[in-house]
Structures are given as structure tokens and as C-alpha cells.
Amino acid sequence: MIDEKQEEQAALWAMDLLPPDEAREFEAQLAADPELRAFADEMRAAAAQMAHAVTPQPLPAGMEDRIRAAIAEPAAANVVPFRRSVPWIPWAMAASFAVACVWLLQDRGSLQQRVVQLERHSTLSEMKIAILTSQLDNAPNASGAVVWNSETQSGVLEVSSVPGIPAEQDYQLWVVDPKYPQPVSGGVFHVTEDGHARMVFRPEAPVSEVKAFAISRERAGGVPKAEGPIVLSGK
Amino acid sequence: MPQASAAQRQPDGHDAAMAARLQAGDSAVFPELYRRLAPGLFSMVYEILRDQREAEDALQDAFLHIWKKAATYDPARSSLFTWAVMIARHRAIDRIRARQRYARATDAAAAEAEVIAPMAAAERADAAAERQDECIRIQSALAQLPDGQREALDLAFFNGMTHHEISARIGAPLGTVKARIRRGLLALRETLTKSVS
């Protein structure tokens, strides 16, 4: 016998409204209860019918061929980036964004472990993009961007037009998580002669919530706690 | 009374046969898969995203997932259409959320998803007759729901709002929102079951 609470859970599950942990718990119930499973499946079928309640749109010309070609491509290329231009970030960096997203989505070291999770909630919902702006009077064009994946606890930083610094100093990335009294280090890096750098990073401590990213200038090798001037920051 | 649309409501032998070919990686099944799913899926993701290019990308993304994750489809539990709808909707909702996060990151005004009216009249006469019949059938079923239930289902399905967000949007307690979703979906299920039989 299905009670009202189970009906409610089934309705929320059918509409993909259950948080991931509740969804997993509910699906475990479904696996053990054929009656509940059949009911939940009927609710999902009813939800899916809402797709018909829209104005029919003509399919774009060439869409079938485009999808067929995408299916035939190697797996690494099968990521459709979001179409968002960032006019005040150099094109090379915008292109690198797409590459970074591909990298993060194809993190093969954890991909198998995440298959079931990916079926329940998209990887993309775990990603954060932050734009970093210059805090330097003498380098107003310095900029940066971070693509952060909270699920894999990793990210990609890319900066441009950042001034070079002596060998005895490093730029250090910081991740601001309010649960820590101090920002968490994301590692150190140097820029090339044209002020560019790209770094894959993993914070030194688990990050639950990213409020902001910052880059400071520190002594070579980095420091446990930010001391030097902030060069770039953003959220 | 409209006939059942291309076995899209209940799983059947045709779905199972197509799934078997998908799971075997039979590329020859793709044209039929596309003809069967693409029109409905594209119309839905377009309604959610309201952007032609993003809808195209979401549709492509959905088909890639359908193709690569064919092994996860269970014809005993749902029709192929139901399975595909939830995949495509997920992709579209993800794009809305990424769009909102990006807007926050660039200090731009967050783009709010439009509230989609379920009873929007069909504007194009070139839709296949079967799709048009189905559209009318579902719109009629939704029209029979009380306003609160229909609104809750719309906000959840087409705008990707969580029940917490719906509660905040319409100013109703969370329990009320959950109840409306439950009752609305139950009523929709019953109405659609009756119309098929």
C-alpha cells in the first residue's frame, strides 16, 4: 500500500525535484518495492507527457547530420560547450575555457566512479566559473578566469597580461571558503613573458563553498597564509 | 478521441527492439530514433531555453547521452520517449542554471527563466498531425488541473525550479507546493490514462 508520503516522494522524483541524496534513497526504496516502483514510473510517464504541451518547433536544417557526426566523433570531442562570449577576456582565454570544461568533464580518473551520479544530476551543475579582475594600478588589463568543479575538487586557472615577477617570488592562488578562517591555497605559478599562465589546481583542503578566488604575490614556493599584495580577485 | 501517439506513453515491444539495437551500437537505428524523438525533444528544450542555438546544443547533448547511455534504458520501466524526455529536459535545465551562474560571475543581471504558459496556442501549422493531436490532448489535460497545481508543474518542469524556489516564487509554504505537485501529477496521470483507454 502506497501512502501519501510515498506518493509525494514519487511525484518529486518523477519531476527530478529530489536532491541527489534523497533521490538515491528513494531509488533504493524503488528497487525493493515493485508496487512503489510501478507507481513512480507511472508518475514519471505522466510528467514526461508535459513535453507535448509546448508549441511544436520545426527541427533545424542539418540537425540530424550534425548529431550523427557528433556521435561518430571520439569521446573527447563530444562535449557541447555553452555558447557564452566573454568580450572583455581575450579570445584565447575564452577558447581555453572550452578546453578546461572538456578536461574537467573528461576527468577519466574519476569518471567511472561518477557514472551513476552523472545520470542523476549533471556534472555541469557542479561547476563554477569565476572572472578575476586586476587589483594592480600598473596593470589594469591583467585578468584571469577560473573554472572550478566542486565534485572533483579541481579547477583550471588561466591568467593573461599579468606582470612578470622575480624568480624569488611566485603568484599564489587562493580559494575563499567561508568555513575556513583563512583562504585555502590552490598552488603557485609563474607567468610567461607575455603575462600568460594556465594552471590545473587542487586546493590544499576540501572546499565546500567557493565565495571567491584571489591571486597574491608571495615568496617562491608559496606561503601557508596570504601575506603579499592581491593581484587579481573575483567571484 | 486521439489515438495513442507512436507508442510514446507506454513501453512496448517496439521500444524494446529499438533499445536492443541502440545498446548493440547499431548505427542504422539512428534515423528512426531521430525521427521518433527529435521533434518532441527539440520543441521541449526550445520552450525551456528560448534560444535557438542553445536548444540545438541541448538536443545534440541529449542525443549523445541517449546514444552513449543506451545500456541504462530499461524498457520494462518506461517508454523510450519518457526516458529521452527526462534526459533532454535535464540538459536544458542545466544550461539555464549555468547561464544564471555565469551571469552572477560576471556581475551581469541574472537571466531569469521565463514562466511558460502551458496553454500557449500552437503557432505553427507545419507540425505533424500526430504531434498536434498530442499537444491538444496534453494541453486539455493540463487545463483541467486547478491553477495552483498547473502552475507548480509548469514552474518545475519548464523552468527547472526546485520546490523551494517555487515556494519562494509563489509565496506558498513548501508543503503546499509539494502537495500541488503530487496532486497535479496524480490528476494528470489519471486524465491521460483515461484518454488513452
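Modeller: The answer below sets the chain in outline and then turns to the pair. This is a predicted model, in which local features need pLDDT of at least 70, side-chain atom pairs count only at pLDDT 80 or more, and totals for chains, interfaces and linings use all residues. Residues are numbered from 1 along each chain as its sequence is written, chains are lettered from A and ligands numbered from 1 in the order in which they are written, and side-chain values use heavy atoms, with hydrogens and water left out.

Chain B holds eight helices and zero strands (DSSP runs, H or I of at least four residues for helices and E of at least two for strands, numbered from the N terminus). Of its 197 residues, 54% are buried, that is, under 20% relative accessible area with a 1.4 Å probe, counting protein chains only.

Helix α1 (residues 13-23) of chain B packs against helix α2 (residues 30-49) of chain B at about 130°, the axes lying 11 Å apart. Because of that angle, α1(B) is oblique to α2(B); the axes are lines fitted to C-alpha atoms over the stretch in contact, with angles from 0 to 180 degrees between N-to-C directions, and oblique is what remains once angles under 35 degrees (roughly parallel), over 145 (roughly antiparallel) and 65 to 115 (roughly perpendicular) are set aside.

On the side of α1(B), the contact is made by B:His14, B:Asp15, B:Met18, B:Arg21 and B:Leu22, and on the side of α2(B) by B:Glu32, B:Leu33 and B:Arg36 (heavy atoms within 4.5 Å). These residues divide into three nonpolar, one polar and four charged; Ala, Val, Leu, Ile, Met, Phe, Trp, Tyr, Cys and Pro count as nonpolar, Asp, Glu, Lys and Arg as charged, and the others, Gly among them, as polar.

Definitions and conventions
Buried means under 20% relative accessible area, exposed over 50%, partly exposed in between (1.4 Å probe, protein chains only).
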